[in-house]
Amino acid sequence: GEPLQSVAWPSPPIVAGGQHVVVVGGGDTASDCVGTAFRQGAVRVTQLDIRPQPPEKEDKLSVWPYWATKMRTSSSQAEGAEREFQVATLEFIGEDGALTGVKCCEVDEKRKPIAGTEFVIRADLAFIAIGFAGPAAVGPVSELAGQMKIAIDSRRSNNVEANDRDYKTSVEKLYAAGDVRRGQSLVVWAIREGRQAARSIDEALMGSSVLPR
Ligand SMILES: Cc1cc2nc3c(=O)[nH]c(=O)nc-3n(C[C@H](O)[C@H](O)[C@H](O)COP(=O)(O)OP(=O)(O)OC[C@H]3O[C@@H](n4cnc5c(N)ncnc54)[C@H](O)[C@@H]3O)c2cc1C
């Protein structure tokens with residue numbers, strides 16, 4: 001058929017050295033952003049978490065559906081990140097196309113903004129580390145989905161639709177495995193799915209496969 005148009009793929013490396021950095025998100029990926037920014041020589045790193053600050057000790061009497069959380073500090077955060085809890089990101093502010101700050105506000109227990117609590121954190125660089133909310137519907141997958149009419153699994157964060165038996169997408173001879181299929185996940189799953197997809201492709205090409213299941 002028609003050759004695919006090439007998909008634009010990023011630009012120059014992002015380096016945090018000498019910059020004021022804001023990381024949106026409170027998970028492991030956010031921690032990696034914090035640590036990497038410090039190692040690259042960031043001037044200041046602020047991490048925003050929409051959840052309330054957990055207690056120093058877990059409440060052992062918490063019952064389902066509540067989770068007995070406690071305050072944890074990763075080795076990256078211990079390097080000096082300023083952590084803001086119960087804070088939402090309202091707006092990225094810029095001048096002449098360059099980021100200058102992140103406008104935030106405090107939120108109530110339902111994560112709704114509290115009027116009058118807005119503040120701006122200086123930022124030259126911001127990372128959005130909220131992958132579990134699903135990928136933005138832009139970028140290579142969406143572009144290819146549009147070009148090739150690949151079915152998207154809208155129930156699971158706009159991932160490419162494919163099952164975990166043969167990894168076939170809705171487009172003939174196109175397979176999907178790993179994060180693009182199952183969403184933000186772990187390396188072990190990506191390896192397993194990659195192997196199983198390879199076997200499925202081998203079977204389709206050769207009629208059978210000697211690759212392990
Ligand atoms: C900051 C961070 C920390 C993480 N920490 C951990 C951890 O500690 N432990 C863990 O198990 N998991 C971790 N994960 C998750 C883990 O990295 C992923 O689950 C895993 O990498 C998924 O593998 P994948 O092969 O499906 O996708 P990816 O590793 O994302 O590989 C996709 C590849 O496709 C390439 N690509 C994209 N578009 C195109 C195109 N059009 N043409 C050609 N190439 C293209 C990309 O450049 C990339 O190399 C982390 C993720 C992040 C972001």
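The C-alpha centres of domain 1 and domain 2 lie 32 Å apart. The domain assignment, automatic or taken from a database, places domain 1 at 20-133 and domain 2 at 140-206. The model is predicted, so local features need pLDDT of at least 70 and side-chain atom pairs count only at pLDDT 80 or more, while totals for chains, interfaces and linings use all residues. Residues are numbered from 1 along each chain as its sequence is written, and side-chain values use heavy atoms, with hydrogens and water left out.

We turn to the ligand. Nine residues surround the ligand, each with a heavy atom within 4 Å of it; the closest are Asp32, Asp179, Ser185, Val187 and Ala190. On its own the ligand has 1000 Å² of accessible area (Shrake-Rupley method, 1.4 Å probe), of which the protein covers 42%. Helix H1 (28-39) and helix H4 (187-206) each give two or more residues to this shell; helices here are DSSP runs of H or I with at least four residues, and strands are E runs of at least two. By class, the shell holds four nonpolar, three polar and two charged residues, with Gly counted as polar.

Now for the pocket. The largest pocket has a volume of about 1100 Å³, taken as the space filled by probe spheres set on the grid points. A pocket is an open set of points on a 1 Å grid, reached by a 1.4 Å probe, with protein on both sides within 12 Å along at least five of seven lines, and lining residues have an atom within 4 Å of a point. Of its 41 lining residues, Gly26, Gly27, Asp28, Asp49 and Arg51 are the closest to the centre. H1 gives the most to this lining, with four residues. Both domain 1 and domain 2 supply at least three lining residues.
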